[in-house]
Amino acid sequence: MQGIDTDIAPRVIVGDTLHSVAEAVAAAVAGHVAGAPSAVLGLATGATMVPVYAALVRAHRDTGLSFARCTSFNLDEYVGLAATHPASFARFMQAHLFAHADFAAAATHLPRGMARDLAREADRYERAIADAGGIGLQVLGIGANGHIGFNEPGSAFDTRTRVVDLAAPTRAANQAGFPPGEPVPARALTMGIATILGAGQLVLAATGARKAAAVAACITGAIGPHCPASALRLHPRVTIILDRAAASRLN
Ligand code: F6R
């Protein structure tokens, strides 16, 4: 594989505790919104984001941080799940953030996993992001296989919102969110890597030893589609916030 050279280095912050990682990610979001009350935020789901959103909810409640003029776009949603499904990302966002802060419901967006024409839905989502003026700050988690959004290894860096097949380890990792006996959908709609790189600023959070190899590949490995998160090194404004376990394979 051809290597890509870049002189751009992400800012890497290592926190002592899960709590300090969540607080640092939340502070980045809060700082962005304080400076731009009509911010367009890119949001992620997953276990890493639970304490981040709890910190944002606390900031909303205790410091008056307001999202009332913000617009949000989530990275992804499962194909075939209604927004009301208990394991949908739409439900996750309601449970952990939207129901506890002052986002305007009409300004929060997720791809519609139940759309009849998924290619059209993907195009509509890309257009909606562009029509909103593009994403100012995008929050990201990382998969143990290096995925960002649901851009699994092998995803080209010029991809935009589209339907993807989920990798077996991704489906296994997300099984716990589903009712017993119900399989994780095989496909999802996800923003593409080019969509993500189009944001003004990226903040990636990773916690736990399970992420250490992917974090090392992202920050110090070769840049290429084998590690979708390595694409972040092509972006000039990236902050990566880790706990000690996730940072344990960095030199
Ligand atoms: C979720 C998403 C994924 C997750 C990643 C990490 O919207 O886009 O890339 O950020 O799978 O998930 P957790 O935090 O559950 O380990």
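I take a polar contact to be a pair of N or O atoms within 3.5 Å; within protein, one must be able to donate a hydrogen and the other to accept it, and residues adjacent in sequence count only if both atoms are side-chain atoms. The model is predicted, so I hold local features to pLDDT of at least 70 and side-chain atom pairs to pLDDT 80 or more, while totals for chains, interfaces and linings use all residues. I number residues from 1 along each chain as its sequence is written, and side-chain values use heavy atoms, with hydrogens and water left out.

I found a polar side-chain atom of Thr 45 at 2.8 Å from an oxygen atom of the ligand. For Asp 76, a side-chain N or O atom lies 2.7 Å from a ligand oxygen. Lys 211 likewise places a side-chain N or O atom 2.7 Å from an oxygen atom of the ligand. On its own the ligand has 410 Å² of accessible area, of which the protein covers 91% (Shrake-Rupley method, 1.4 Å probe).

Entry on cysteines. I counted zero disulfides, a disulfide being a pair of cysteine sulfur atoms within 2.5 Å.
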